[in-house]
Amino acid sequence: MLRGHKAGAIRFAGTLLLTLVISALLVFCVELIVRGSFSQTLDFFRQPFRPSWTTVGLFALLLILLDALLGRAHHALLLVAPLALLLAFLAHQKSFYLGDPLYPTDFLYARQIMELMPLLARDRPLMAVGLAAGGLAAFLLLVACWKYWHRRAPVLSFHGRAARLGVALPALVFFGSIMDYATFSWARDRLQIIPMMWDQKENYNSNGFAIAFALNLPMAKVSAPAGYSAQAVEAIASPAAAATVLPNEPADIIIVMNESFWDPTRLPGIVISPDPIATTRALQSGHVFSPEFGGMTANVEFEALTGFSNAFLPYGSIPYQQYVRRPIPSLASFLRSEGYDTRAFHPFAGWFWNRTPVYQAFGFEHFMSQENLPTLESRGPLASDAALIEEMIRQADAAEKPFFFFSVTLQNHGPYAAGRYSDPSHTVSGDVSKKSLDSILSFSEGAADGDRALARLLEWAGKRDRHTIIAMFGDHLPPLGPVYVETGFMQGNVAKRLAPLEEMSVQHETPLVVWSNRTGPAKDLGSISPAFLPLHVLETAGIGHPFYTGFLGEIRKQFGVIDRNMLVSVDGDATPEWLRAKSIAPEIRDFQLLQYDIIFGSRYAAKNLFPEVASEAPGST
């Protein structure tokens, strides 16, 4: 009997050792795929106290637990390995094209990615075919391996399964308990796991993909800033704040957020003829300093409509998907409360970026999406800017009340394949590959169409008797990938999140026009965060609001850019990594408290700063 127990213990120890070896190989493959560098992966494993070996232990525990549940030795590998390798591949692709790691919240918009797959496939058909064939082959291989191993794998005894559960379950529960990065953990500190939520690239580089991904699982939870209370908020939102002011003549307002609209003549050594954004250049008011690059349009849109900042939200979060769960004050809710007709336009599906419920929460009366817009003429593969603008003009001409229209265009969405337009009106030259020249031409044609759409809007508005405000800006730089490297515009395919201000500016600035048919273009706005757009639009319209022109107006006197990684004063002084500083400018701290209060908190500030949603405030009837 004793000899049998001893033999069983030896077999169990041997199984554990083999599981550790398998886990080490799996973690190495995951890191190799994510990092795309053998030497960097080796560096991750070289130091014995780095999180690499903790990750190996974590994978081993997960395999042991699942083996116990499945009842066969090493059967769990056929579940864990494909999932881990698939996530690693997705992480590498996202990092390559967008420059950011893969976050758990990315799967909230998996449907968006699937809808864009046909466009991506048209751009890279051979890659698409290869990925489809490879995916099918991998799936068939996995099914075959599962059937084979299920018939031949040793069946675990009751005692063997219980022993595995006894080892793995408590250890995994303990590991899960130390993943809350908001609280100090002695065990996490001893394991050399240092959450770096302010710098996610370094977070993933230092802690490895699996642990950094796990650290981001609680990301949807937003904790109250230090000092948040009714007294603190009410002191900021005092009754002395600027009151709502409306001019005798209400101004009609149209804001166009043009997809990937940017000045391609900024590319070094590239000559584009004629000027693709001539109208914008002649009337330009300044630049929008986009918090994103190459994608994540909804995050830019969130700032431009609400006046709130992504800087105060967890790194990698998507407010439209995670945080808009009740009415949120916006330009639309304010103007609607003042009798405006409020409409949002986007010629794609209403579920994209969760826009249908979000726009409703923002106070738009109507959302004109693919579902209820008339069929718009395409330019290239997508609905043209010209057709969208004409439909907006048609609806504006039919409007009986003052109106606020907000539109998100679609035509110039990437990728920018060669021959996207059959009738290009521009020429592009430069010392780069033909593929890059073709990509620049496709993008420039789309940018020129966006510029022409602006010219059409201005022409129409210029003939109107009513005061009309037109604003247009780009949401982010286009995902041109290798074009940036070949031209020397950037060192990599994607923009840096943290760099000297001069470098950050050229990689994040998009053109901005704010124009009135009474006074012409606003001038010298400089480089501003999208959160300041409501301020400048309302000022141009002669409208005052306690938050948008009052509170934000005071902030704007001192700061132009409030980016998660860069705070820029109106004098151009940059403070990188300001969120990590021991003290933050009082005005910015007040901004953070107010934003938390309205989006997540008790809305103590609503009565004085957002009277249009005061019914949401504590004690309202």
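1. A residue counts as buried when its relative accessible area is under 20%. With that cut-off in hand, here are a few friendly notes on this predicted model. Buried residues make up 55% of the 621 residues in the protein. The surface that remains comes to about 26600 Å², with carbon and sulfur atoms supplying 61% of it.

2. On overall make-up, the protein has 24 helices and 16 strands. If you look at contacts between residues at least 6 apart in sequence, 73% of them join residues at least 24 apart.

3. A word on confidence before you zoom in. The average pLDDT is 86, and 89% of the residues score at least 70. Please read residues 617–621 with care: pLDDT stays under 50 there. For that stretch the model has 8 contacts beyond four places in sequence.

4. Is α23 mostly covered or mostly uncovered? Mostly covered: 10 of its 14 residues are buried. Among them are I588, F591 and Q592, and the run from L593 through L594, Q595, Y596, D597 and I598 to I599 is buried as well. The cover over these buried residues includes the helices α11 (230–236), α13 (297–306), α22 (546–556) and α24 (606–609). Strands β14 (559–563) and β15 (566–569) also contribute to that cover.

5. Next, have a look at S516, which lies in strand β11 (residues 509–516). Its relative accessible area is 1%, which is under the 20% cut-off, so S516 is buried. Leaving aside residues up to four places away in sequence, S516 touches H467, T468, I469 and T540. The backbone nitrogen of T519 is 3.3 Å from a polar atom of the S516 side chain.

6. Finally, another serine, S37, sits in the loop between α1 (2–35) and α2 (38–46). Why does S37 count as buried? Its relative accessible area is 15%, and because the cut-off is 20%, S37 falls on the buried side. A polar atom of the S37 side chain lies 3.2 Å from the backbone nitrogen of Q40.

Definitions and conventions. Residues numbered from 1 in each chain as written. Predicted model: local features only at pLDDT ≥ 70, side-chain atom pairs only at ≥ 80, totals over all residues. Heavy atoms only, no water. Buried < 20%, exposed > 50% of the residue type's maximum accessible area, 1.4 Å probe, protein only. Helix = DSSP H or I, 4+ residues; strand = E, 2+ residues; numbered from the N terminus. Contact = heavy atoms within 4.5 Å. pLDDT = per-residue confidence, 0-100. Polar contact = N/O pair within 3.5 Å; in protein donor to acceptor, adjacent residues only side chain to side chain. Areas by Shrake-Rupley, 256 points an atom, 1.4 Å probe, with all protein chains shown as cover.
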